[in-house]
Amino acid sequence: MPNLPLRQRPVDIFFVVIFVAFAVTSVISDLLPTVSVEFSPTSGNPLVQGNYWYAHDADPLFMNPPVWMRLVTGLSAFVYGPFYLVLAYALLRGRNWIQLPAVIYATMISVLTGVIVFGVEFFGEPQYQTHNPVKFLAFNLPYVVIPLILLARMRKPDPFTRKF
């Protein structure tokens, strides 16, 4: 069965927009703690100021990351970020070879972010627990929910031969 054209796969258009945005945010936000940039409201760098605005009350784990969290943000900046662009390309072009990498990615990110990071932010050591769960979830929940929807999208062989 031939792949459907992109215009008949609106959910893939949605995914392309989201994953390009994820690629940008991976570089903008996750690169900074990975390379040990300290967040400050008075920094002359607007990216540092933006990360401070987000993290100071919502994400103390991101604000003062231990080494293991810097590995997580590094994975996001240097692995997931480029993968989002490959994923967006494959979704745009209807490339079925993306199915297995998409399933691996969706599973990894859901476990890593959904279980480990959320677990620490809500149930971990007091210094890493969020003080603003609404803000924390508004920024981070899409990184768990969207991959789970992608996982459902990629559930059967030849995903681009059907709308969802």
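Modeller: First, the ground rules. This is a predicted model, in which local features need pLDDT of at least 70 and side-chain atom pairs count only at pLDDT 80 or more, while totals for chains, interfaces and linings use all residues. Residues are numbered from 1 along each chain as its sequence is written, and side-chain values use heavy atoms, with hydrogens and water left out.

Biologist: How many helices and strands are there in the protein?

Modeller: Helices (H or I, at least four residues) and strands (E, at least two) are DSSP runs, numbered from the N terminus. Here there are seven helices and zero strands.

Biologist: What does the radius of gyration say about the protein?

Modeller: The radius is taken over C-alpha atoms, and the globule rule is 2.2 Å times the number of residues to the power 0.38. For 164 residues a compact globule would come out near 15 Å, and the value of 17 Å for the protein agrees with that. The C-alpha trace spans about 55 × 35 × 25 Å along its principal axes.

Biologist: What share of the residues is buried?

Modeller: Buried means under 20% relative accessible area, exposed means over 50%, and partly exposed is in between (1.4 Å probe, protein chains only). In the protein, 44% of the 164 residues are buried.

Biologist: Now the charges. How many salt bridges does a search of the whole structure find?

Modeller: Side chains of opposite charge can pair when their charged atoms come close. The criterion for a salt bridge is a side-chain nitrogen of Lys or Arg within 4 Å of a carboxyl oxygen of Asp or Glu. The search finds three.

Biologist: Which residues are linked in a network of salt bridges?

Modeller: The network consists of Arg9, Asp12 and Arg153. Asp12 pairs with Arg9 at 2.6 Å, N to O, and with Arg153 at 2.9 Å, N to O. The Arg153 pair links distant parts of the chain: Arg153 is in helix H7 (residues 142-153) and Asp12 in helix H1 (residues 10-34), 141 residues apart.

Biologist: Are Asp12 and Arg9 buried or exposed?

Modeller: Both are buried. Asp12 has a relative accessibility of 0%, and Arg153 is likewise buried at 0%.

Biologist: Which residue forms a salt bridge with Lys135?

Modeller: Asp57 does, with the closest N and O atoms 2.9 Å apart. Asp57 lies in helix H2 (residues 46-58) and Lys135 in helix H6 (residues 133-140), so this pair ties together parts 78 residues apart in sequence. Asp57 is partly exposed, with a relative accessible area of 23%, whereas Lys135 is buried at 11%.

Biologist: What is Val11 in contact with, leaving aside neighbours within four places in sequence?

Modeller: Contact means heavy atoms within 4.5 Å. Val11, in helix H1, is in contact with Arg153, Lys163 and Phe164. The C-alpha atoms of Val11 and Arg153 are separated by 8.7 Å, although the two residues are 142 apart along the chain.

Biologist: And why does Ser26 count as buried?

Modeller: Ser26 counts as buried because its relative accessibility is 2%. Ser26 lies in helix H1 and touches Leu31, Ser76, Ala77, Gly81 and Tyr84, not counting residues up to four places away in sequence.
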